[in-house]
Amino acid sequence: MRYFAFALAFLLSGTVQAETLKLLTEEYPPYNFSENGAVKGASVEQAELMMKALDTEYSLTVLPWARALSLTENQTWTCLFTTGHDDERDKRFKWVEPLLVDHMVMVRKAGSGVNPANIEEAKRFTVGSQREDFSADYLKKNNFPKIDLAADMETTEKKLLSGRIDLMMTSEKTFEAMRNQGKALESALILEGKLYGFACNLGLPDELVAKMQAQLDKLIADGTQDHIFAKHGLQSKK
């Protein structure tokens, strides 16, 4: 898969800031994805509106997930989205959320007959996920014996459709978007709900994190977030 490193820097006022806030993301439609040299998606639109309302300089870059996660933990002025917030990640980052609230779902190839009734039955199958994704952490935490890890969701999806794996984990909203695109996928098992947001380096100033949260809260309160979801064919699950 080709990855697009697309960087946009915006100087939003006459105030000069010593650091540029680096916003990192991955290819994970419909939330964040590259298209014709631009970065788009439901989460990207929220991020751009938030940043435009702040007096700060920022960049937006698409990277493989594992690399983006590592950079976020090791570079102070860095945030990663759209990131699932779970217990394992909670203390590793400062959080700005929710960019969305969603459930995780195990997805099968249409007509495959893979139909686990619960998590224990799902352990009989090979389940695909992405390296360093919190769904991979979920599989490991719940002692799944056959986990197939790929660099990105597109690779996992190809493995599922070719029969190399039995199930893949993704968010319910992403599955709905894939299904709406005509992909031969079916929901096999709906799992627990999750918050998704910005995971920011622990060294990022609290003042900036608070300003980001205030702007996200405003997008939620005035209905902008729901409007963005609807634009991308997503339903709010508040």
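Predicted model: local features only at pLDDT ≥ 70, side-chain atom pairs only at ≥ 80, totals over all residues.

What is the volume of the largest pocket? About 220 Å³. Residues are numbered from 1 along each chain as its sequence is written, and side-chain values use heavy atoms, with hydrogens and water left out.

**Stop 1: the pocket**

Select P29, M153, E154, E157 and K183: of the 13 lining residues, these are the closest to the pocket's centre. Then colour α6 (153-161) and α7, the elements that give two or more residues to the lining. Helices (H or I, at least four residues) and strands (E, at least two) are DSSP runs, numbered from the N terminus. A pocket here is an open set of points on a 1 Å grid over the protein atoms alone, where a 1.4 Å probe fits, with protein on both sides within 12 Å along at least five of seven lines; lining residues have an atom within 4 Å of a point. The volume is the space filled by probe spheres set on the points, which are joined across faces, edges and corners.

P30 sits in the loop between β1 and β2 (33-35).

**Stop 2: the sheet**

Now select the strands in the order β4-β1-β5-β10-β6-β9-β7-β8, and you have an open sheet of eight with mixed pairing. Strands pair if DSSP finds at least two bridges between them. At the edges are β4 (58-62) and β8 (147-150), each pairing on one side only. From one strand to the next, the twist averages 30°.

Contact means heavy atoms within 4.5 Å; axes are lines fitted to C-alpha atoms, for helices over the stretch in contact, and angles run from 0 to 180 degrees between N-to-C directions.

**Stop 3: strand β7**

Zoom in on β7. Two bridges join β7 (residues 127-130) to β9 (residues 167-171), running parallel, and V127 has L167 as its bridge partner in β9. Four bridges link β7 to β8, also parallel, with S129 partnered by L149. Are the faces of β7 buried or exposed? V127 and S129 on one side and G128 and Q130 on the other are all buried (buried is under 20% relative accessible area, exposed over 50%, partly exposed in between; 1.4 Å probe, protein chains only).

Step on to E132, in the loop between β7 and α5: its phi is positive, about 70°, although it is not a glycine.

**Stop 4: the disulfide**

A disulfide (cysteine sulfur atoms within 2.5 Å) joins C79 to C200, S to S 2.1 Å. C79 lies in β5 (residues 78-85) and C200 in β10 (residues 185-200), so the pair ties together parts 121 residues apart in sequence. The S-S torsion is about 105°, so this disulfide is right-handed. C79 is buried at 0% relative accessibility, and C200 is buried at 0% as well.
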